[in-house]
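Open the model in your viewer and keep the selection tool at hand. The tour goes stop by stop.

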Amino acid sequence: MIDDVQFLEYVVKALVNHPEDVKIKRTVDEMGVLMMLDVNPEDMGKVIGRSGNTAKAIRILLRVVGMK
């Protein structure tokens with residue numbers, strides 16, 4: 001079974017030019033799960049996408065993974 005950090009790492013590394021710079025920090029509190037993503041500054045636009053659409057899609061996919 002794949003967990004959320006592995007899934008996010010897999011998806012983001014496939015998008016960026018510098019996959020070795022991808023770092024993910026996961027914290028859990030009373031509000032839920034917070035995942036902070038650190039990427040190379042050159043790759044920031046690719047992860048966010050046009051009008052934030054790529055970032056929104058990644059969030060939706062993470063919600064689906066989290067439900068399982």
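Where do K13 and E9 both lie, and how many residues apart? Select both: they lie in helix α1, four residues apart, about one turn of the helix. Helices here are DSSP runs of H or I with at least four residues, strands are runs of E with at least two, and both are numbered from the N terminus.

Before moving on, note that this is a predicted model, in which local features need pLDDT of at least 70 and side-chain atom pairs count only at pLDDT 80 or more, while totals for chains, interfaces and linings use all residues. Residues are numbered from 1 along each chain as its sequence is written, and side-chain values use heavy atoms, with hydrogens and water left out.

**Salt bridges**

Stay on K13 and E9. Their side chains meet in a salt bridge, at 3.0 Å from N to O. The term means a side-chain nitrogen of Lys or Arg within 4 Å of a carboxyl oxygen of Asp or Glu. K13 is partly exposed at 32% relative accessibility, and E9 is partly exposed at 30%. The classes are buried (under 20% relative accessible area), exposed (over 50%) and partly exposed in between, with a 1.4 Å probe and protein chains only.

A search of the whole structure finds two salt bridges. For the other, select R26 and D4, whose side chains meet at 2.9 Å, N to O. This pair links distant parts of the chain: R26 is in strand β1 (residues 23–29), D4 is in helix α1, and 22 residues separate them. R26 is partly exposed, at 40%. D4 is buried, at 14%.

**Helix pair**

Now show α1 (residues 4–15) with α3. Their axes come within 10 Å and cross at roughly 155°. Axes are lines fitted to C-alpha atoms, for helices over the stretch in contact, and angles run from 0 to 180 degrees between N-to-C directions. The two helices are therefore roughly antiparallel, a label for angles over 145 degrees.

Move along α3 (residues 53–67) to V64. V64 is partly exposed, at 42%.

**Last stop**

Select S51, in the loop between α2 (44–48) and α3. Its phi is near 60°, a positive value in a residue other than glycine. S51 is exposed, at 63%.

Conventions:
Angles under 35 degrees count as roughly parallel, over 145 as roughly antiparallel, 65 to 115 as roughly perpendicular and the rest as oblique.
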